[in-house]
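This report describes selected features of one protein model. The sequence and the structure are shown first.

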Amino acid sequence: MYVAVVPNRNSPPAILLRESFRENGKVHNRTIANLSHWPPGKVAALRAVLKGATALGAPLPEAFDIVRSRPHGHVAVILGTLRKLHLDRLFEKHADRNRDLVLAMIAARVLEPASKLATSRALHPDTLSSTLGESLHLDSVTEDELYEAMDWLLPQQAGIEDDLAKRHLAEGSLVLYDLTSTYFEGRHCPLGKLGHSRDDQKGKLQVVFGLLTNAEGCPVAVEVYAGNTSDPKTVSDQVTKLRQRFGLQRVILVGDRGMITSARLREDLKPATGIDWITALRAPAIKKLASDGVLQLSLFDSRDLAEITHPDFPGERLVACYNPLLAEERARKRPELLAATEKELEKIAAATRRKKRPLRGKQNIGLRAGKVLNRYKMGKHFQVQIEDDGFTYTRKQANIEKEESLDGIYVIRTNVPAEALSSEQAVHNYKSLSGVERAFRSLKTVDLHVRPIHHRQPDRVRAHIFLCMLAYYVEWHMRKNLAPLLFDDEDKIAAEKLRVSVVAPAQRSPSAQAKALTRRTPDDLPVHSFQTLLGDLATIVSNRVQPKDASTPAFDIITVPTPLQRRALELLQVSL
């Protein structure tokens, strides 16, 4: 082979890589490649190699500079999953810039949750912390652009949720719904209200949001409410969403006992033909069943669940369940709470008897007593007597013993007929709400960090929570596919077979137990949590290499994946 320079009239000469060969006694030439676009230095180097040169310039370590290294693997798997889910196709067409900014915010929320300012800096070429911005062709991003993209996204929420519902919900399917709250930093958002804080952030404004998922816990829709909205008041919105927006005529809605109350059943669910439901009874209703003689421990002599009826619940099925482990835990915890409450109440009584500056006044004494009783939730078990100059308390022993007799008992309530849903299935479906609780843990604490919220405009708060839901949608599918490499249990069927009863605690499959014990997979790969696996994938780096020869352009090269990383890419079915 040789390099030939062929004159080209008024144009620059053509640089061709050719080879000569002999055929039938004649010498022939043929062109292998056109090298006219190569820089002169590169052509000269090729000539030297073809002539047998073994050393071209400086030794290899000195011939190149790595001018930048950007973590790439975790970006590749998240964007690859996002595109495999066709999430990018759900957004409005002809708005590539805003669409890419939204995709960047979704991916960044999974990669490294941060403020919009920090996210914009991570996407900027001068301050980037990964290949995310480059992969989405975002040359320069400002914080204001991200806010504008959020404003562009929110009007599309209903349409996106409709598409997700078509994917994951069907006629007659199970729909899980639960509610949580989170807190604000600041006091200027109209959605922020003082309410029940599930984050133990007393005195801070709250915002409430409810999540709809399918039976497996895959998120479909989210709704944001003011922080002082009670759980039951949100049910009617979900019924309207299921019937009118999603077009589902028959579903089974599963909700917590504090949400699907008798009033909501009467006013919202029963008038909505085709919307069946599963919930549970609250403690006062269970006590009434016991006092009426319908609910007794003898029901559980041979089984840990039994169907019962009561005239207060016409046309409904009640499935009473007894969990001895739950009963044991409550029996252990109650004496501790009673003792702690008595200790604090005794301090109040002593304060009324002290000689120096004794505690006086019914209002002052009552305020202190109320704080103690609310702190441990034991007020129902104490009889207190408050006077202007004295305070006494006694235990309601009869109440305590009555509650002890119901330890470990809970009652599932549903209108789904027995021929469509057995007692065991009704209990199993109610327990499926743990999938929504798992989503809340990921959204609020473990992975996505939806809180604290700094936005002041209500629509920005809604867009922020919707972005977090979409990020969890991506994470949920990634966790499902990556389960063999995670501590998650990928063999749900085997785990369910180990469960002696649907009422008994859930079990882990033998494969999950082996992973937890050995910290290795059956392929002898290390087991990870979701976040540590992303961190491992981030060590797949895109290096920008600049040859010392200035005439040779820089190029990118990606580090070779390890066996673990290759396995992760195979499970996700994405490439680098």
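## Basis of the analysis

The model is predicted: local features need pLDDT of at least 70 and side-chain atom pairs count only at pLDDT 80 or more, while totals for chains, interfaces and linings use all residues. Residues are numbered from 1 along each chain as its sequence is written, and side-chain values use heavy atoms, with hydrogens and water left out.

Helices (H or I, at least four residues) and strands (E, at least two) are DSSP runs, numbered from the N terminus.

## A three-stranded open sheet

Three strands form an open sheet in the order β4-β15-β16, with antiparallel pairing; two strands pair if DSSP finds at least two bridges between them. At the edges lie β4 (64-71) and β16 (555-558), each of which pairs on one side only. From one strand to the next, the twist averages 30° (axes are lines fitted to C-alpha atoms, for helices over the stretch in contact, and angles run from 0 to 180 degrees between N-to-C directions).

Strand β15 (residues 541-547) runs antiparallel to β4 and is joined to β4 by seven bridges. Within this pairing, Arg 68 has Arg 544 of β15 as its bridge partner.

## Strand β11 and its neighbours

Five of the six residues of strand β11 (residues 317-322) are buried, where buried means under 20% relative accessible area, exposed over 50% and partly exposed in between (1.4 Å probe, protein chains only). Strand β10 (residues 305-308) pairs with β11 in the antiparallel sense over four bridges, and Glu 307 stands opposite Val 319. Strand β14 (residues 409-414) also pairs with β11 in the antiparallel sense, over six bridges; here Cys 321 stands opposite Tyr 410.

The side chains of Arg 413 and Glu 316 meet in a salt bridge with an N to O distance of 2.5 Å (a side-chain nitrogen of Lys or Arg within 4 Å of a carboxyl oxygen of Asp or Glu). This pair links distant parts of the chain, 97 residues apart: Arg 413 is in strand β14 and Glu 316 in the loop between β10 and β11. Arg 413 counts as buried at 6% relative accessibility, and Glu 316 is buried with a relative accessible area of 10%.

## Helix α5

The buried residues of helix α5 (residues 116-123) are Lys 116, Thr 119, Ser 120 and Leu 123. Seen down the axis of α5, the buried residues fall within an arc of 100°, so they line one face of the helix; the arc is that of the directions from the helix axis to the C-beta atoms. These residues pack against α4 (96-111), α6 (132-135), α7 (143-153) and α17 (458-482), contact meaning heavy atoms within 4.5 Å.

## Asp 447

Asp 447 is located in the loop between α16 (434-446) and α17 and, at 2% relative accessibility, counts as buried. The side chain of Asp 447 makes polar contacts with the side chains of Arg 479 (2.9 Å) and Gln 531 (3.1 Å). A polar contact is a pair of N or O atoms within 3.5 Å; within protein, one must be able to donate a hydrogen and the other to accept it, and residues adjacent in sequence count only if both atoms are side-chain atoms.

Not counting residues up to four places away in sequence, the residues that Asp 447 touches include Arg 109, Pro 113, Glu 475 and Phe 530.

## Further salt bridges

The whole structure contains 41 salt bridges. One of them joins Glu 216 and Lys 480, with the closest N and O atoms 3.9 Å apart. Glu 216 lies in the loop between β6 (206-213) and β7 (219-226) and Lys 480 in helix α17, so the pair ties together parts that are 264 residues apart in sequence.

A network of salt bridges links Arg 70, Glu 134, Arg 544 and Asp 556.
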